[in-house]
Amino acid sequence: MTPPPGSPSGPRRRRRWSRSAIVGLLFVLPAALYIIIFQLIPVFYGLILSFTTYSPLSRSGPEFTGVDNYAELLGDAEFGNALLVTGRYVLQVLPITVVIALLLALLVNRPFKGVGLFRSALYVPHIVSLTAVSMVWLWMYSQTGLFNEILGFFGMPAQSWLLDADSSLNAVSAMRIWKALGSNMVLLLAGLQSIPRELYEAARVDGAGRWASFRYVTLPGLRPMLVYVVAMDIIYLAQGFAEIYVLTQGGPLGSTTTVNYLIYTEAFQYNQMGSASAMAFVLFALIIGFSVLAVRGVMGKQR
């Protein structure tokens with residue numbers, strides 16, 4: 001069939017599409033090369049190393065050992081302790097952070113004088129680097145730091161916050177809660193503001209009170225954002241390293257040695273790249289598994 005006058009022919013249309021596709025690929029190419037070279041290739045190389053024994057100080061290259069590294073982790077008490085510490089760290093920080101952030105989001109979702117300044121002040125800790133925040137809290141936890149000064153003002157003895165195996169992880173968790181509140185609050189606030197006001201008006205017409213509106217309107221409307229916040233918090237917390245390195249360096253007595261910190265020591269202090277890579281992929285699998293379980297728990301049963 002002959003195309004109408006003035007319309008491009010089929011081959012010309014295909015050539016134009018081909019040029020636009022090439023131009024699009026050229027724009028995407030730098031980012032794709034960055035991901036491939038600096039992310040995907042190191043991941044695959046790490047996966048290969050997890051089945052070998054290799055030290056950068058050795059003149060010989062990696063030696064294939066099969067699944068020996070993974071088998072050794074099953075009976076490694078230090079790795080088992082690191083898993084328990086990581087799990088406790090996530091369980092201590094995650095629920096408290098999400099609940100307080102939700103309460104703050106509900107608070108700043110209401111108009112009042114200075115609400116913009118209040119929101120900004122709560123968000124500031126998120127934009128400061130974790131290392132810098134950890135350095136400040138290291139001073140605050142010191143013997144002459146802010147917290148012991150407050151205790152001394154009330155006549156209470158100074159505490160060794162980071163040197164006591166019973167309190168060190170709690171101290172790190174308190175810092176991490178403070179650091180994460182701002183970002184979680186902003187995300188949940190965005191979720192609250194995306195809920196149509198008509199739903200609240202309809203609930204009010206039906207005689208629903210504040211609690212009923214929160215339970216049957218706010219929580220269901222906020223569920224997608226809650227899923228995102230919980231999943232991302234699990235991923236970030238399970239990879240905790242900077243705060244551990246600055247505040248406690250895994251001590252005392254391994255009470256704050258997370259899996260990520262153990263991977264660091266295994267790789268860069270003991271130069272055991274094979275076993276460190278195996279730990280990394282076990283942690284990766286556990287993060288995926290627990291993230292899926294948490295997301296299903298927040299979403300609930302689909303009707």
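**The loop around the proline**

Modeller: Pro-252 sits in the loop between helix 10 and helix 11. A helix here is a DSSP run of H or I with at least four residues, numbered from the N terminus. The model is predicted, so local features need pLDDT of at least 70 and side-chain atom pairs count only at pLDDT 80 or more, while totals for chains, interfaces and linings use all residues. Residues are numbered from 1 along each chain as its sequence is written, and side-chain values use heavy atoms, with hydrogens and water left out.

The bond between Gly-251 and Pro-252 is a cis peptide bond, with omega about -5°. Most peptide bonds are trans, and most residues other than glycine have a negative phi. Gln-249, also in the loop between helix 10 and helix 11, has a positive phi near 50° without being a glycine. Leu-253 lies in this loop as well, and its phi is positive too, about 55°, although it is not a glycine. Leu-253 has a relative accessible area of 83%, so it is exposed. Buried means under 20% relative accessible area, exposed means over 50%, and partly exposed lies in between (1.4 Å probe, protein chains only).

Side chains of opposite charge can pair when their charged atoms come close. Arg-176 and Glu-243 form a salt bridge through their side chains, at 3.4 Å from N to O. A salt bridge needs a side-chain nitrogen of Lys or Arg within 4 Å of a carboxyl oxygen of Asp or Glu. Arg-176 is in helix 7 and Glu-243 in helix 10, so the pair ties together parts 67 residues apart in sequence. Both Arg-176 and Glu-243 are buried. One salt bridge is found in a search of the whole structure.

Helix 7 also holds Ala-171, which is buried because its relative accessible area is 4%. From C-alpha to C-alpha, Ala-171 is 8.2 Å from Tyr-141, and the two are 30 residues apart in sequence.

The largest nonpolar core has 58 residues, and Leu-94 and Leu-188 touch the most other members. Such a core is a set of buried Ala, Val, Leu, Ile, Met, Phe, Trp, Tyr and Cys residues joined through side-chain atoms within 4.5 Å. Helix 3 gives the largest share, 13 residues.

Helix 8, residues 197–205, contains Arg-204. Arg-204 has 57% relative accessibility, so it counts as exposed.

Conventions
Helices (H or I, at least four residues) and strands (E, at least two) are DSSP runs, numbered from the N terminus.
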